[in-house]
Amino acid sequence: MKYKRILLKLSGEALSGTKGYGIDPKVLLQYSEEIKKVIQAGTQVAIVIGGGNIFRGIEAQQAGIDRVQGDYMGMLATVINAMALQGALEKVGLYTRVMSGIRMEQVCEPFIRRRAVRHLEKGRVVIFGAGIGNPYFTTDSTASLRAIEIEADVVLKGTRVDGVYSADPEKDKTATRYSTISFDDVYKMGLNVMDMTAFTLCKENKLPIIVFDMNKSNNLYKLVQGEQVGTLISMD
Ligand code: UDP
């Protein structure tokens with residue numbers, strides 16, 4: 001296996017499948033099976049899951065809810081998703097822990113870096129819920145930060161698009177996909193990979209990012225094995 005420890009970022013929206021809102025159990029099961037393959041191959045898996053299928057702080061603001069209040073609501077939404085994913089992962093026979101950026105002992109453990117690493121070493125899937133526990137951040141930033149903290153080899157951003165394109169492939173037919181691209185070129189071309197906080201954290205810590213299509217069966221496994229899937233963003 002090329003990668004020994006990965007941080008997988010999944011968006012909340014992906015969990016809603018074709019429904020467009022809430023949580024689709026079929027997607028949960030599909031993702032769990034994909035994650036099981038890499039765990040069985042010996043790779044350690046940490047996951048950050050978004051909350052966009054339930055709540056986003058920025059949308060709350062548009063609806064007249066205070067931004068900070070909305071952000072905390074968004075963080076709680078990610079815990080709901082984390083618990084849903086935990087249940088699905090356990091159903092396929094994996095051992096898991098949810099660790100939260102906001103203390104809620106009855107539901108899950110608080111995030112403690114050394115404990116997270118220990119869980120990973122024991123082969124448990126660790127899901128980081130509640131973001132980093134602070135408003136004005138995103139779950140992409142959480143993914144970058146946690147990946148650095150646990151010394152993951154790579155951040156894998158699972159999306160419904162199969163990589164980084166020169167333009168939005170859903171709008172522009174001439175858009176081409178990069179198989180590799182440097183952090184600097186992403187900046188220069190103004191490509192949308194992650195929000196800038198998340199992206200800069202990865203760049204400054206030389207932590208590569210791979211953007212790939214999580215909905216395609218075996219993609220995660222291939223990637224972890226070292227096959228070229230999606231777009232690799234790195235220093236060179
Ligand atoms: N959020 C936050 N701090 C964090 C992580 C998340 O305030 O560290 C809030 C923020 O309001 C965000 C929401 O939680 O909009 C859900 O996360 P995100 O939008 O990143 O989810 P995704 O787009 O990946 O589904």
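Tutor: A word on the record first: UniProt positions are given here in the numbering of this structure, feature names are shortened, and annotations may be inferred rather than shown by experiment. This is a predicted model, where local features need pLDDT of at least 70, side-chain atom pairs count only at pLDDT 80 or more, and totals for chains, interfaces and linings use all residues. Residues are numbered from 1 along each chain as its sequence is written, and side-chain values use heavy atoms, with hydrogens and water left out.

Student: Okay, which residues does UniProt list for "binding site"?

Tutor: The unreviewed entry lists Lys9, Leu10, Ser11, Gly12, Gly52, Arg56, Thr159, Tyr165 and Asp168. They don't all gather at one spot, because they span 160 residues in sequence and the farthest two C-alpha atoms are 25.4 Å apart.

Student: What makes serine 11 count as buried, partly exposed or exposed?

Tutor: Its relative accessibility is 26%. Buried means under 20% relative accessible area, exposed means over 50%, and partly exposed is in between (1.4 Å probe, protein chains only). So serine 11 counts as partly exposed.

Student: How do you know what serine 11 touches?

Tutor: Contact means heavy atoms within 4.5 Å. Leaving out residues up to four places away in sequence, serine 11 touches Gly50 and Gly158.

Student: And what joins the side chains of arginine 56 and glutamate 13?

Tutor: A polar contact of 3.2 Å. The term needs a pair of N or O atoms within 3.5 Å; within protein, one must be able to donate a hydrogen and the other to accept it, and residues adjacent in sequence count only if both atoms are side-chain atoms. Arginine 56 itself is partly exposed, at 33%.

Student: Why is strand 3 called largely enclosed?

Tutor: Helices (H or I, at least four residues) and strands (E, at least two) are DSSP runs, numbered from the N terminus. Strand 3 covers residues 96-100, and four of its five residues are buried, so the rest of the structure largely encloses it.

Student: What makes strand 3 and strand 5 a pair?

Tutor: Two strands pair if DSSP finds at least two bridges between them. Strand 3 and strand 5 (residues 125-129) run parallel and have five. Strand 3 also pairs with strand 4 (residues 109-110), again parallel, over two bridges.

Student: How do you know where the buried residues of helix 8 sit around its axis?

Tutor: Those residues are Ala198, Phe199 and Cys202. They cover an arc of only 95°, so they lie on the same side of helix 8. The arc is that of the directions from the helix axis to the C-beta atoms.
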